[in-house]
Amino acid sequence: MKRNNLSSFYVSLWLLFTAAMLQAVESAKGKYAQMLFSELFEDYSNALRPVEDTDKVLNVTLQITLSQIKDMDERNQILTAYLWIRQSWYDAYLKWDKDKYDGLDSIRIPSNLVWRPDIVLYNKADDDFSEPVNTNVVLRYDGKITWDAPAITKSSCVVDVSYFPFDSQQCNLTFGSWTYNGNQVDIINSLDSGDLSDFVEDVEWEIHGMPAVKNVITYGCCSEPYPDVTFTLILKRKSSFYIFNLLLPCILISFLAPLGFYLPADSGEKVSLGVTVLLALTVFQLMVAEIMPPSENVPLIGKYYIATMTMITASTALTIIIMNVHHCGSEAKPVPQWARVVILDYMSKIFFVYDVGENCTSPRREKEQEYRLEGGDMCQGADRKNHLSSGNDDSDLKENLNGNLNKSFGVHGENVRENVNCRSCYKMLIKNIEYIANCVRDHKANRAKGIEWKKVAKVMDRFFMWIFFIMVFFMSVLVIGKAA
Ligand SMILES: *[C@@H]1O[C@H](CO)[C@@H](O)[C@H](O)[C@H]1NC(C)=O
Ligand SMILES: *[C@@H]1O[C@H](CO)[C@@H](O)[C@H](O)[C@H]1NC(C)=O
């Protein structure tokens with residue numbers, strides 16, 4: 001027990017001693033760091049490239065970490081991103097023997113004290129050329145300098161909006177030395193892609209990688225090479241915002257347009273519905289036009305708007321024409337034979353138009369035919385003559401009537417006298433009845449004509465409604481299909 005106590009006492013004593021020793025080392029290190037710093041920078045110039053042999057190249061390793069996409073301005077083609085730029089290189093004049101300085105292997109000093117490569121973003125689109133941020137650099141005993149600097153970059157980016165809002169964009173970030181050529185400062189990408197591990201999820205864009213490529217451009221045959229490292233940021237737009245705010249309303253509105261054909265002609269709203277839909281679409285189109293760059297390739301959604309607007313203009317124009325047909329009325333010419341066959345017989349059955357048509361016209365037409373059959377030869381000829389020559393040629397008519405009367409009553413010997421008497425009074429009677437019948441028939445025919453024209457209009461309405469429904473449907477499917 002006692003022995004145990006004693007050993008624990010020794011252990012704690014030893015621990016105390018080491019702690020004190022360590023503290024001494026720490027404080028000694030601080031002193032050494034001061035010494036190292038003053039010795040290193042005694043005759044150091046941060047203006048000149050730190051190489052021993054000026055013919056030798058200085059390698060700068062570049063690594064980019066994308067932290068955030070702050071803004072993508074399609075209209076001005078500018079990408080604003082928050083980046084961390086890490087550059088590292090070896091400075092030939094900032095080396096030390098770490099044993100001489102009590103194992104001190106690295107120090108952190110303000111970056112403006114050491115030489116820094118003038119690596120800039122070539123495709124910068126910022127209006128102020130600000131100085132690089134004066135963060136610290138880490139200086140290692142073998143001369144390796146690591147410089148991490150945060151930066152908000154505005155870079156120009158060729159934006160292709162042809163598939164908006166289902167587009168992806170590629171934005172290049174090209175870094176290179178501004179003044180040194182490839183024989184003096186060579187730039188090397190440490191990884192073959194930008195680092196995305198610290199990326200803050202963006203609401204509008206999905207990141208699909210950031211590959212890095214080193215390009216060396218030589219102007220002319222024997223001049224110096226100019227190396228650069230290009231990071232290509234591959235972005236895919238999250239389109240749900242645009243689907244809900246721009247596409248779906250337009251699809252819904254455009255489905256209203258064909259329904260204009262279904263509106264009853266007498267409501268007087270057919271044309272105004274078309275015009276209202278057109279105006280609503282114009283508002284949406286203006287909204288899209290405001291975000292898009294005024295480039296030659298019209299975005300997909302713009303094409304959809306234009307197609308829909310064209311279609312609605314066509315449908316409104318057709319509605320106006322059909323309205324005219326509807327109001328043809330009784331004064332118009334009768335429905336031509338081909339239209340009667342094609343529209344009234346076939347198309348009305350295909351498009352199930354019964355209400356105006358079949359209920360009213362068809363029984364009447366049948367009745368008319370029955371009546372004609374009953375009237376037989378008596379009226380048929382007379383009627384037609386009346387229509388053609390408006391009763392100028394009476395003798396023909398009389399002959400016809402006489403013939404008919406003779407036929408119906410027969411001429412048999414003794415009854416001839418009475419028949420002749422009777423004949424004249426019948427003649428009067430028949431003339432009057434004929435006149436009334438003609439009036440009624442004309443009236444009915446006129447009404448039937450009006451109703452027939454109305455039916456033609458209705459069948460055409462139905463026909464175009466389905467045509468336009470199919471067009472709207474296919475256009476919407478086409479636009480949504482592009483999303484997949
Ligand atoms: C620079 O990198 C190249 C390879 O890219 C290498 O051959 C060369 O030795 C390096 N120069 C120095 C000074 O490290
Ligand atoms: C972006 O950089 C890559 C690689 O250097 C190149 O192939 C591509 O053409 C560049 N794109 C633009 C728009 O400059």
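Predicted model: local features only at pLDDT ≥ 70, side-chain atom pairs only at ≥ 80, totals over all residues.
Close-up 1. Leaving aside neighbours within four places in sequence, Val-472 is in contact with Ser-254, Phe-255, Pro-258 and Met-311. Val-472 belongs to helix 8, which spans residues 416–483. The residue is buried, at a relative accessible area of 1%, because buried is taken as under 20%. Thr-308 sits 164 residues away along the chain from Val-472, yet the two C-alpha atoms are separated by 7.4 Å.

**Close-up 2. Helix 2 against helix 4.** Helix 2 covers residues 240–259 and helix 4 covers residues 300–326. Their axes come within 11 Å and cross at roughly 15 degrees. That angle makes helix 2 roughly parallel to helix 4, since angles under 35 degrees count as roughly parallel. Helix 2 passes helix 4 in a left-handed crossing. From helix 2, the contact draws on Leu-246, Leu-247, Cys-250, Ile-251, Ser-254 and Ala-257. Helix 4 contributes Ile-301, Tyr-304, Tyr-305, Thr-308 and Ile-312. By class, the contact of helix 2 with helix 4 has nine nonpolar and two polar residues, and no charged ones. Two of these residues also feature in the view of Val-472: Ser-254 as a contact of Val-472, and Thr-308 through its C-alpha separation from Val-472.

**Close-up 3. Helix 2 against helix 3.** Helix 3 runs over residues 270–291. The axes of helix 2 and helix 3 come within 9 Å, crossing at roughly 160 degrees. Helix 2 is therefore roughly antiparallel to helix 3, as angles over 145 degrees count that way. The crossing of helix 2 past helix 3 is left-handed. Helix 2 supplies Tyr-242, Asn-245, Leu-246, Pro-249, Cys-250, Ile-253, Leu-256, Ala-257 and Leu-259. The contact of helix 2 with helix 3 divides into 16 nonpolar residues, one polar and no charged.

**Close-up 4. Helix 3 against helix 4.** The axes of helix 3 and helix 4 come within 9 Å and cross at roughly 165 degrees. The two helices are therefore roughly antiparallel to each other. Their crossing is left-handed. On the helix 3 side, the residues are Lys-270, Val-271, Gly-274, Val-275, Val-277, Leu-278, Leu-281, Thr-282, Phe-284, Gln-285 and Val-288. They meet Ile-301, Tyr-305, Ile-306, Thr-308, Met-309, Ile-312, Thr-313, Thr-316, Thr-319, Ile-320 and Met-323 of helix 4. The contact of helix 3 with helix 4 counts 14 nonpolar, seven polar and one charged residues.

**Close-up 5. Ser-177 and its polar partners.** Ser-177 lies in strand 7, residues 168–177. Ser-177 is buried, with a relative accessible area of 7%. Its side chain makes a polar contact of 2.8 Å with the side chain of Asp-118. A polar atom of the Ser-177 side chain also lies 3.1 Å from the backbone nitrogen of Tyr-180. Beyond neighbours within four places in sequence, Ser-177 is in contact with Asp-118, Ile-119 and Tyr-122.

**Close-up 6. Context for the views: the whole protein.** The protein holds eight helices and 11 strands. Of its 484 residues, 36% count as buried. Among contacts with a separation of 6 or more, 79% join residues 24 or more positions apart.

Key:
Residues numbered from 1 in each chain as written. Chains lettered and ligands numbered in written order. Heavy atoms only, no water. Axes fitted to C-alpha atoms, helices over the stretch in contact; angles between N-to-C directions. Helix = DSSP H or I, 4+ residues; strand = E, 2+ residues; numbered from the N terminus. Parallel < 35°, antiparallel > 145°, perpendicular 65-115°, else oblique. Left-handed = near helix turned anticlockwise from the far one by under 90°. Contact = heavy atoms within 4.5 Å. Nonpolar A, V, L, I, M, F, W, Y, C, P; charged D, E, K, R; others polar. Buried < 20%, exposed > 50% of the residue type's maximum accessible area, 1.4 Å probe, protein only. Polar contact = N/O pair within 3.5 Å; in protein donor to acceptor, adjacent residues only side chain to side chain.
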